[in-house]
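Here are some comments for a colleague going through this entry.

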Amino acid sequence: MANPLLTVSNLSVEYPTRHGWLRAVNDVSLELAPGMALGVVGESGSGKSTLGQALMGLTGASQARVGGRITFDGQDITGLTNKAWRRIRGDRIAMVFQDPTSTLNPVLRIGDQIAEVFQWHRPDMPQTEVRRRTLGMLERVGIREAERRLRSYPHELSGGMRQRVVIACALALEPALLIADEPTTALDVTVQAQILDLMRDLIIERGTAMILISHDLDVIGDTCDAVAVMYAGRVVEFGATDDVLAAPQHPYTKGLLASRPRFGHNQAVAPIAGTVPDLRSIGTACAFQPRCAQAVDLCGREGPPLQGFVATDSAKVPHRVACHVVHQEPRS
Ligand SMILES: Nc1ncnc2c1ncn2[C@@H]1O[C@H](COP(=O)(O)OP(=O)(O)OP(=O)(O)O)[C@@H](O)[C@H]1O
Ligand SMILES: [Mg+2]
C-alpha cells in the first residue's frame with residue numbers, strides 16, 4: 001500500500017497475570033490507508049480492545065509487554081513516552097468507547113468538555129473561536145438547540161445524545177484516525193443505527209480513517225471498507241468487507257456468519273461449538289484447531305500464516321486468510 005496512514009507490524013501485547021504472561025494480541029500486522037474504515041470483529045476475549053488500546057498507547061497502565069512496531073503517519077509511535085502520547089491522543093488519533101458515561105465527566109457541562117479538547121491541544125486558540133467551533137461541533141453531531149445544550153450536564157442527556165457528545169469531542173480536532181471500541185453496544189437498536197450513520201458521514205466528510213471494533217458483523221458490513229477477523233489474539237482473516245462477507249474463507253469467520261441472528265429468517269442460528277482457548281497457554285498450533293471441524297494433522301502442529309489465497313489486483317484490498325486447509329485446497 002502506498003503511503004499508509006497506519007502500519008502495524010508483528011504487534012503483540014502480553015498482560016502479566018498470576019499464572020504467567022497472557023498473550024492478548026499475537027503477531028498482528030495490518031495496514032490502513034488514509035480515510036479507510038477497518039472493522040475488527042471477533043468473540044469476547046479475542047483481543048480487539050487490547051489491539052485498540054495498543055494503537056492509542058494505553059496499554060502502559062496494565063504493565064503490558066508490547067512487541068512489534070506501530071507506524072502512524074510516517075512516525076514510529078511504538079515507544080513514545082506518556083507525554084508524547086498525550087499530544088497525539090485526542091488530536092491526531094481519537095477514540096470513542098462503548099459507554100459514554102465513562103468517557104464524559106459527570107460534573108462538567110458538555111460545552112466545557114468539548115471546549116477542553118480545544119484548550120488542551122490548541123492553547124492559543126481565542127475563546128470566541130473555541131466557542132464557535134464547540135457550537136459547530138454540537139450542531140454537526142445532531143444536537144438541537146446547541147446553544148442551550150452547552151450548559152447541560154451529561155446526566156441531563158439521553159444515552160444516544162451523550163454518545164453524540166463523545167463523538168463531537170473525538171472529532172473536534174479532525175483527527176486522522178478514529179478508534180471506536182463498540183461505540184454503540186450500550187444503545188438501543190434504533191439509536192445505534194443513527195449513531196453509526198452519523199459516524200460514517202463524519203468520517204467520510206473529513207477523510208478520517210477509522211478502526212471500528214465490534215462483535216457485530218452486520219454493523220461492520222454497513223460501515224467498513226475492510227474487516228479483520230480476530231481469534232485468540234490473531235488476525236485469522238482480512239479483506240474487503242464485501243469479499244469477506246460474501247465469501248468467508250476461514251472456518252471461524254464462516255462460524256461467526258452462521259451464528260448471526262438474522263431478522264426475518266427462520267434459519268436456526270448455529271453457534272460455534274467449543275470455547276475460546278486459554279490465552280496463557282497458546283502454543284504454536286492453530287488456536288482454532290480444537291473447535292474446527294475441518295482441521296487436519298498439520299493444524300495441530302503449526303500455526304498457519306496469514307496469507308493471500310487468490311491473486312487480487314493491486315488496487316484492491318487483498319483477501320488474506322490464516323488457515324492450512326484453505327491454502328491446501330486446489331483452486332482453479
Ligand atoms: N489489563 C488486563 N490484564 C490481564 N488480562 C487482560 C487485561 N485486559 C484484557 N485482558 C485479557 O486479554 C484478553 C483479550 O481481552 P480484550 O479485552 O482485548 O478482548 P476483546 O476482544 O475486546 O473482548 P470483548 O469483546 O469482551 O470486549 C482476554 O483474555 C482478557 O481477559
Ligand atoms: Mg473489548
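At what angle do α4 and helix α7 pack, and how far apart are their axes?

1. Please keep in mind throughout that this is a predicted model. In it, α4 and helix α7, the latter spanning residues 159-171, pack at an angle of about 20 degrees, and their axes are 8 Å apart. Since angles under 35 degrees count as roughly parallel, α4 and α7 are therefore roughly parallel to each other. The crossing of α4 and α7 is right-handed.

2. Helix α7 also packs against helix α8 (residues 189-206), here at an angle of about 15 degrees and with the axes 10 Å apart. The description of α7 and α8 is therefore again that of helices roughly parallel to each other, and their crossing is right-handed.

3. Helix α4, which covers residues 110-121, and helix α5, which covers residues 127-140, have axes that come within 9 Å and cross at roughly 120 degrees. That angle makes α4 oblique to α5. As for handedness, the crossing of α4 and α5 is right-handed.

4. Turning to the ligand site, how many residues surround ligand 1, and which are the closest? The shell consists of 13 residues, and the closest of them are S44, G45, K48, S49 and T50. By class, this shell around ligand 1 is made up of 7 polar, 4 nonpolar and 2 charged residues.

5. Which elements each supply at least two residues of that shell? They are β2, running over 20-32, and α1, running over 48-55. Helix α1 gives the most to the shell around ligand 1, with 3 residues.

6. With S46, by contrast, a backbone N or O atom is involved, and it lies 3.2 Å from an oxygen atom of ligand 1. As for cover, ligand 1 has 640 Å² of accessible area on its own, of which the protein covers 63%.

Note on methods. Residues are numbered from 1 along each chain as its sequence is written. Chains are lettered from A and ligands numbered from 1 in the order in which they are written. This is a predicted model: local features need pLDDT of at least 70, side-chain atom pairs count only at pLDDT 80 or more; totals for chains, interfaces and linings use all residues. Side-chain values use heavy atoms; hydrogens and water are left out. A residue is near a molecule or strand if one of its heavy atoms lies within 4 Å of it. A polar contact is a pair of N or O atoms within 3.5 Å; within protein, one must be able to donate a hydrogen and the other to accept it, and residues adjacent in sequence count only if both atoms are side-chain atoms. Accessible areas come from the Shrake-Rupley method with a 1.4 Å probe; for residues, only the protein chains shown count as cover. Helices (H or I, at least four residues) and strands (E, at least two) are DSSP runs, numbered from the N terminus. Ala, Val, Leu, Ile, Met, Phe, Trp, Tyr, Cys and Pro count as nonpolar, Asp, Glu, Lys and Arg as charged, and the others, Gly among them, as polar. Axes are lines fitted to C-alpha atoms, for helices over the stretch in contact, and angles run from 0 to 180 degrees between N-to-C directions. Angles under 35 degrees count as roughly parallel, over 145 as roughly antiparallel, 65 to 115 as roughly perpendicular and the rest as oblique. A crossing is left-handed if the near helix is turned anticlockwise from the far one by less than a right angle, and right-handed if clockwise.
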